[in-house]
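Dear colleague,

Please find the structure below. My notes on its aromatic contacts follow.

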Amino acid sequence: MIMWFAGLILLIVKLAVVLGFLLFLAAYLVWVERKFLARLQIRYGPNRAGRYGLLQPIADTVKMLTKEDTIPDGADKGLFCLAPAVVAMTAMLMFAVVPFGPELSVFGRKVPLVITDLNIGLLFVFALSSLGVYGVALGGWASNSKYSLLGGIRGAAQMISYELALGLSLVPIVMLARSFSVVDIVQAQERYPFILVQPVAFVIFMISAMAESKRIPFDLPEAENELVAGFHTEYSGIRFGLFFLGEYVHMQVLGALVAVLFLGGWRGPFLPPPVWLFIKIILVVLFMIWTRGTLPRLRYDQLMTLGWKMLIPLALLNIVVTGAVVLF
Amino acid sequence: MKSLVEAAKALAEGFATTFNHLFRRPVTEEYPEVHRVLPARTRARIVLTLDPDGEERCVACYLCSAVCPVSCISMQSAEKEDGRRYASWFRINFARCIYCGLCEEACPTSAIQLTPYFETCERDILRLVYEKEDLLVQHQGKDKEYNFYKVAGVVTRLAGKGEHAREEKPVNVKTNLP
Amino acid sequence: MPRLIIDEREIEVPPGTKVIDAAERLGILIPRFCYHEGLGAVGACRMCAVQFVEGPVKGLQMSCMVDAQDGMVVSTSHEEAVEFRRFIIECLMLNHPHDCPVCDEGGQCLLQDETVSGGHGLRRYQGKKRTYRDQYLGELIAHEMNRCIHCYRCSRFYQEFSGYRDLGPLQIANRVFYGRFKDGPLESPFSGNLVDICPTGVYTDKPSRYKARRWDLQRTPSVCIHCSLGCNTVANARYREVVRVEARFSGEVNGHFICDRGRFGFPYTNLPGRPRTARTAGGECSQGEAVAAAAEKLREISSTFGPQAVACFGSSRNSLETQCMLKRICRLQGWQVPGFFVDPALERRVRAAVSLLDASAGVSMREVERADCVVAAGVDPVNEAPMLALAMRQAFRRGAEILVADPRPIFLPFPFIHVPVSMERMDSFLEGLARLAGESSDGTGVREADLLSQIVQNGGLASSDLPLPVSFCRALFGSQNPVVLCGTECVRESTLPAAAALARDLRKGRDRAGLLYVLPGANAFGAGLLNSQGHPGFSRLLESVESGSVRALIVTESDPLNDFCHRDRLLGTLGKLDLLVVMDFLDSETARMAHVFLPTTTHFESGSCFVNHEGRLQYAEAVHHGGIPIEQAGGGSHPPRVYRGDIPGEGPKAAWVILAELGRTLGIPDRDLLGLGPWSLIGEEIPSLKRLEGTVFPPEGIRILSDGDPVQWVQGPEARDGEDDRGAVPPGDFFEILLTHWTFGTEELSSRSGPLQKVEKEPYGMMHSDDARVLGFSEGDRIVLSLEGGQIRFRLSVADRMGRGVLVLPRHRKLAWRNIPEMPCFVPRDRIRREDS
Ligand code: SF4
Ligand code: SF4
Ligand code: SF4
Ligand code: SF4
Ligand code: FES
């Protein structure tokens, strides 16, 4: 009984730490993104709220909390309110299976530095990321606005196209690690990170992951200059904030997944494991921002061509090749 | 294969370019610390100018209010004793103006002109409604020459029939001499 | 019917149609300046050139000068035609001044349109421009001759169409000038049409000078309510103010034009003194409070003295809705039947006119234009119904003979036969004519001279009223389509049936013979329809008030103090009322006496129906929402800088809506009032109009006279109330006073118009020169007329062509005609004297 309670408390502590860290990081990722993007474009970025604009996330949060929350006439109220929560929640839940360190001993008790080590962790991640798109599609539909609806539909179509490539690109990893558990996959990279043996999978995964997170160059669902703001056109205030939060948490999760699946996760010399993980996440995220600062948005047909005609066949080929190598 | 290499090269170039930007000085000018001198034809706060004789140029022809895409100009035309048509009141609602400059383009007398001065914000929106007193300035703006009533052909103190530019003397309707 | 092809589209048109009109039917508007449907073609401007590709005519021709013929193939966009028109417009623009920004025509200018459509974008001519000196043409029309393109439209309208001669072309060649010989006000009461008709800005509307551009105006089809003709107009409003009224084409009513009374008579709706808040004894209050106060008092009065102690009074300027609502409330509440005229005899005359008209006899103004012989009895068209004079002139231009029988001096803009029959003898004169017509139809071949003498005997005409030209009798004999016009304002009651009888007799042996009554007021016809029986007549009403049996009077959009003769008596009588409720949009004297006053909207602010003289129900749409004009709200400067959710001065409502509110407050369920909707309301009160329910108004209105059986608008026997008709002339030496209308200055609404006040004449009285000589008066003398009610002073004008024994006085506000105790009024000669004697 006591053990059970201790376990519960431990879980809550872990949850609190991870969640707190995620949210804090999400807020500052916004700052990082704006700053970094600004420099890529030879600008300053936010520099009025606090030194280097460091208080900007706080100001933004306050603003979003205090803004009027409007629900358009004719919107489907229930779905309209639910959609942002779906987006934010699925993004955060995905982090549950990401290990941020080796097992620790606390008071003689083994504490895994992961919230839960599911043996099908990878599938869980896929499941959630597919659920995430419901937020987009439903939000678009519930707004009762043509822009939102178009944005939502694009989101759904994009998700279907890239989910496949995403999944297929990881099959070789699973084959190498012989497990769906993310903890095991990190274990399997004890000697070398998988990026070295699976560069093709890495590239496919990177591209698909960016598409999943609906960021430039894959931001068709929001495409400002065509759809006003796409699926979240009608959102304001903190509901809009939740969509925002979802996007940035999603970025971290993807960063974490890339780190865990290809870059050896928390492994690294000298520094404590969570710090390594953090560094790797940040590097991936910075790369995503850099991409955003460099590439223009794809056209819809280009998006589809890339997904169906290049990434998926490539991923299949990769599986065959990896299979062959593993077999022989 | 070749195109693949090319694509990769192009991508790399793009990424390199943006990466190089990281090490350049930002070009941003930090308003309000830095005030840039704007070109004379910048389109901002609107004024009503005077003609070279120092009289109001605007003849209240309603063309600017007609062309204004946001309908923010309103006025009432009236006649002065000497025959000049003028605006008895003239109002621009700057809370609505989009500074498109169409009014200036439509104006047949060079009366209404946009100026580079743009710092007109107010907390009380009603103070953004400018009346004629607020709009009138004591100069000719960008067009120093034009004087509508010197060419218009209508009788004012400035010129009678046949006294405007390029006009013949009025026809004498009571003579049959050629 | 000729079939032709214009721009690859085929069309069939009636013979005689010009190619330019045929194209217009296809929706192809060929550029034009001089051609105007109302004025015809002259081919002066050369702007309408098109290419005739195939058919009887070939080559480049003016489309306004060529009749459509079978087999024609016309191209409006042929290279040659386009080039020609481009050249013409450039030539026309050579001398055009550079003043569009200060020209009121700008924005509605045909010249601007054709310059653009002709592709003349930049002026290449660098030489000097021809200029003209402008003229002062009075207070209604501004003149700016530089803008002229010499299309001759103005002179064709002014001289040919309307028959006035003081404006026209002068000079030759490149110096042709349009104007008057000398500066001075235009004489024609139709001069405002110059503004509409001039394709450039030479003539512009002076009262609305610089007020607005066409594109800023709220424009809506409206109807003129300044006389019974009901000409079609376009009302133009801007900034909560009606700024201009223009003519609207109506094939049946006014054609393309209107008179100046109709064009410039509207400012009563903008007057600064127009009442916009309700008042009770306790001062200004809200509309609802005033209605409640009136209702309370009405309830009190009808419970103490019975519902018959409440009387209502409307007018002939009420909309049909108002008249019906008034009637309805009176019926539902058991109040006295409402009246609409202060003169009981006039009321009966209108009633008679309405019941005598039927679809087979009643004619529109268009049909007057087509008449080939016109007999007008007791009507002075230019003064009573100006556009009728233009319709008669068109008949004259087509060759009709025109005879006017009226003791008043009559001016018409064309030659006509004036027989100054006295009102007394008018009936027998008409009977004589009727007999003449009758004789002609049975073909017994009576000699004209005999007939003539018969007329003279029957008509009891003085020998000086002759000769009645034989030519006219012959014309009447031979006419195919004669029309009888008859006034109601001054004639005897029996003249109306006499005119109808003449029309009926003329119809024997002919296809058609028209009958047209000129009625007193825009909706006098409506009043006549409703005013069937039971109304005691205004004099009786006054007696009832004086005796105390009527305690409350509700007056809707009517000013008895303005219309009634005996002013002092009326003032006293109104003062005796326990309750005087007045609803009006005018700041009238009656309104100022009211215990409860309720402001109403004008027909510019709430759409309403009016029935014109020929029984044409026309709808005037609301042009704006009402409220204090912005110019007044801003005191001439910019509008006030305030936020508010309402429109200042938007309190007034349509009179019938207020009446309905009053009825509701008195306990009538709403479904019997406003709940009915206008059509049902009208149908309930005028059963013969029930068939119109749900009708969508056609642009030309609905002629409510039904075909065939003469409709019994007026049910039951005539309710004679013992009041005498205009009595026989008393024995002895008496003058009959005829109170008449003038084109400007006497009609209730337009006489409040500032611009028209500037053009109206100083009032004067008129008598025959023989009478004047006998009395020792001469032209211009100041005359005093002493009556029981007081004195009337006026200047005298003498005339030869008018009846003897009549003194004609205008109902002008500057003339104390309200001292006349009663109409008809006969004054002994010794009561008329020169002032200085
Ligand atoms: S600048 Fe454009 S929006 Fe502003 S007043 Fe002129 S026309 Fe209107
Ligand atoms: S266009 Fe020019 S002249 Fe005309 S009203 Fe406007 S400012 Fe005045
Ligand atoms: S004044 Fe007007 S209507 Fe008359 S000729 Fe000239 S342009 Fe034509
Ligand atoms: S003729 Fe009568 S109805 Fe016609 S415009 Fe003149 S006043 Fe109005
Ligand atoms: S319209 Fe035909 S010539 Fe003027």
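Why does B:Phe94 count as buried? B:Phe94 counts as buried because its relative accessibility is 5%, where buried means under 20% relative accessible area, exposed over 50% and partly exposed in between (1.4 Å probe, protein chains only).

This is a predicted model, in which local features need pLDDT of at least 70, side-chain atom pairs count only at pLDDT 80 or more, and totals for chains, interfaces and linings use all residues. Residues are numbered from 1 along each chain as its sequence is written, chains are lettered from A and ligands numbered from 1 in the order in which they are written, and side-chain values use heavy atoms, without hydrogens and water.

Over all chains, the search of the whole structure returned 36 aromatic pairs. Rings of Phe, Tyr and Trp (its six-membered ring) pair if their centres lie within 6.5 Å; planes under 30 degrees apart count as stacked, over 60 as edge-to-face and the rest as tilted. One of these pairs joins B:Phe94 to B:Tyr130, edge-to-face, with 4.6 Å centre to centre and 75° between the planes. B:Tyr130 also counts as buried, at 11% relative accessibility.

The rings of B:Phe148 and B:Tyr149 have centres 5.3 Å apart and planes at 75°, so this pair is edge-to-face. Both B:Phe148 and B:Tyr149 are buried.

Ring pairs also link A:Phe287, A:Trp290, B:Phe15, B:Phe19 and B:Phe23 into a cluster.

Finally, the charged end of B:Lys80 sits over the ring of B:Tyr86, 4.7 Å from the ring centre (NZ of Lys or CZ of Arg within 6 Å of the ring centre and within 35 degrees of the ring normal).

Yours sincerely
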